[in-house]
Amino acid sequence: MSATLPGSSDIYLEADGKKVAVVQSYAATARKTERSIEAFGESEPVAAITGQPSYTLELTRLYATDSAISDGINFHELEDFSLVIVKPDRRIVYTGCNWSRIDENGAVGELVAEKISLIAAHRVEMDV
């Protein structure tokens, strides 16, 4: 059985309701912190408390859309945007995104950011 993988046009950044860049690939990491609760006289923790999840994303090869280029997009000034990943059976949206690192390589006539690291506030997954 073969699975359909999302293409680069199915992974994109959105700001103010507009697609501003397409992304060739991504890697996502979700983490939760955990803290043990210890009680006096007990040899082991009596409970564990988990914190809110945090999301870190690594995006590779971002290409600004034509409309974003004409609007003068600057990835360094982009704040509170979304990453949208459309898969055959569902759509994943990371919102409240802000970049934490940008690594760039470019060529004459192209606006390309090679790699951007993001921190996202929320993750929502919905059926398509």
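**Salt bridges and their surroundings**

Tutor: In this predicted model, Arg 61 and Glu 114 form a salt bridge, their closest N and O atoms lying 3.1 Å apart.

Student: Why is the contact between Arg 61 and Glu 114 called a salt bridge?

Tutor: The definition asks for a side-chain nitrogen of Lys or Arg within 4 Å of a carboxyl oxygen of Asp or Glu; the closest N and O atoms of Arg 61 and Glu 114 are 3.1 Å apart, so the pair qualifies.

Student: Which parts of the chain does this pair tie together?

Tutor: Arg 61 belongs to strand β5 (residues 54–64) and Glu 114 to strand β8 (residues 112–120), so the bridge ties together parts that are 53 residues apart in sequence.

Student: Why does Glu 114 count as buried?

Tutor: Buried means under 20% relative accessible area, and Glu 114 has 19% relative accessibility, so the residue counts as buried. Arg 61, with a relative accessible area of 27%, is partly exposed.

Student: How do you know that Arg 123 and Glu 125 form a salt bridge?

Tutor: Their closest N and O atoms are 2.8 Å apart, and the cut-off is within 4 Å. Arg 123 is partly exposed at 34% relative accessibility, and Glu 125 is partly exposed at 42%.

Student: What joins these two residues to Asp 89 and Arg 90?

Tutor: Salt bridges that share partners join Asp 89, Arg 90, Arg 123 and Glu 125 into one network; within it, Asp 89 and Arg 90 meet in a salt bridge at 3.1 Å, N to O.

Terms used:
Residues numbered from 1 in each chain as written. Predicted model: local features only at pLDDT ≥ 70, side-chain atom pairs only at ≥ 80, totals over all residues. Heavy atoms only, no water. Helix = DSSP H or I, 4+ residues; strand = E, 2+ residues; numbered from the N terminus. Buried < 20%, exposed > 50% of the residue type's maximum accessible area, 1.4 Å probe, protein only.
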